Amino acid sequence: MLTQESKSLLSDSLSKSGLRSTPQRRHVFDVLLTRRDHPTADEVYARAKTDMASISLATVYNCLETLVGCELIRQVNLEREPSRFCPNLTEHAHFHCKKSGRIYDIDISPEITQSMLSLLPKEYEAQAIELHYLGTGPNE
């Protein structure tokens with residue numbers, strides 16, 4: 001269940017975009033915050049259906065698009081796989097285990113982020129850095 005802080009964050013972010021907080025948007029956001037395992041839209045839909053039987057796949061896709069647009073979650077695209085969704089908005093990388101298919105957040109310090117940005121030629125300006133590792137984990 002969404003905390004009061006998460007509800008306020010959702011409501012404020014949607015309001016800034018001229019949108020309102022609907023039960024479906026709250027529920028999809030809650031699904032993403034409950035298990036931070038980078039689910040696909042289909043996985044979000046399956047989880048959302050358990051507590052909101054009337055929600056449709058189209059509604060889940062629309063909610064995810066809205067949450068990404070309001071910068072409440074990130075869309076993670078790895079290789080040719082379905083998009084995944086991440087509620088971690090801090091600077092971080094992803095580790096994609098090829099054996100299990102799982103994706104893990106990897107913290108990146110501000111110093112490393114600044115170092116990577118300094119590698120850009122002077123005439124370039126990055127809005128974001130998307131870094132992911134591909135390999136296998138110790139127990140995978």
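A cavity is a set of grid points where a 1.4 Å probe fits but cannot get out. In this predicted model, the largest cavity holds about 40 Å³ of space.

**Largest cavity**
- The count comes to one cavity of 30 Å³ or more.
- Its lining consists of Glu91, His92, Ala93, Ile108, Thr113, Met116, Ile129 and Leu131.
- Strand β3 (92-97) and helix α5 (110-118) each contribute at least two residues to the lining of the largest cavity.
- Five nonpolar, two polar and one charged residues make up the lining of the largest cavity.

**Largest pocket**
- The largest pocket is lined by 18 residues, of which Arg74, Gln75, Ala128, Ile129 and Glu130 are the closest to its centre.
- At least two lining residues of the largest pocket come from each of β1 (74-76) and β3.
- By class, the lining of the largest pocket has nine nonpolar, five polar and four charged residues.

**Packing of α2 with α4**
- Helix α2 (residues 23-34) and helix α4 (residues 57-69) have axes that come within 9 Å and cross at roughly 75°.
- Angles of 65 to 115 degrees count as roughly perpendicular, and α2 is therefore roughly perpendicular to α4.
- On the α2 side, the contact is made by Gln24, Arg25, Val28, Phe29 and Leu32; on the α4 side, by Thr59, Val60, Cys63, Leu64, Thr66 and Leu67.
- The contact of α2 with α4 comprises seven nonpolar, three polar and one charged residues.

Note on methods: Residues numbered from 1 in each chain as written. Predicted model: local features only at pLDDT ≥ 70, side-chain atom pairs only at ≥ 80, totals over all residues. Heavy atoms only, no water. 1 Å grid on protein atoms, 1.4 Å probe; cavity = no way out; pocket = protein on both sides within 12 Å on 5 of 7 lines; lining within 4 Å. Points joined across faces, edges and corners; volume = space filled by probe spheres on them. Helix = DSSP H or I, 4+ residues; strand = E, 2+ residues; numbered from the N terminus. Nonpolar A, V, L, I, M, F, W, Y, C, P; charged D, E, K, R; others polar. Axes fitted to C-alpha atoms, helices over the stretch in contact; angles between N-to-C directions. Parallel < 35°, antiparallel > 145°, perpendicular 65-115°, else oblique. Contact = heavy atoms within 4.5 Å.
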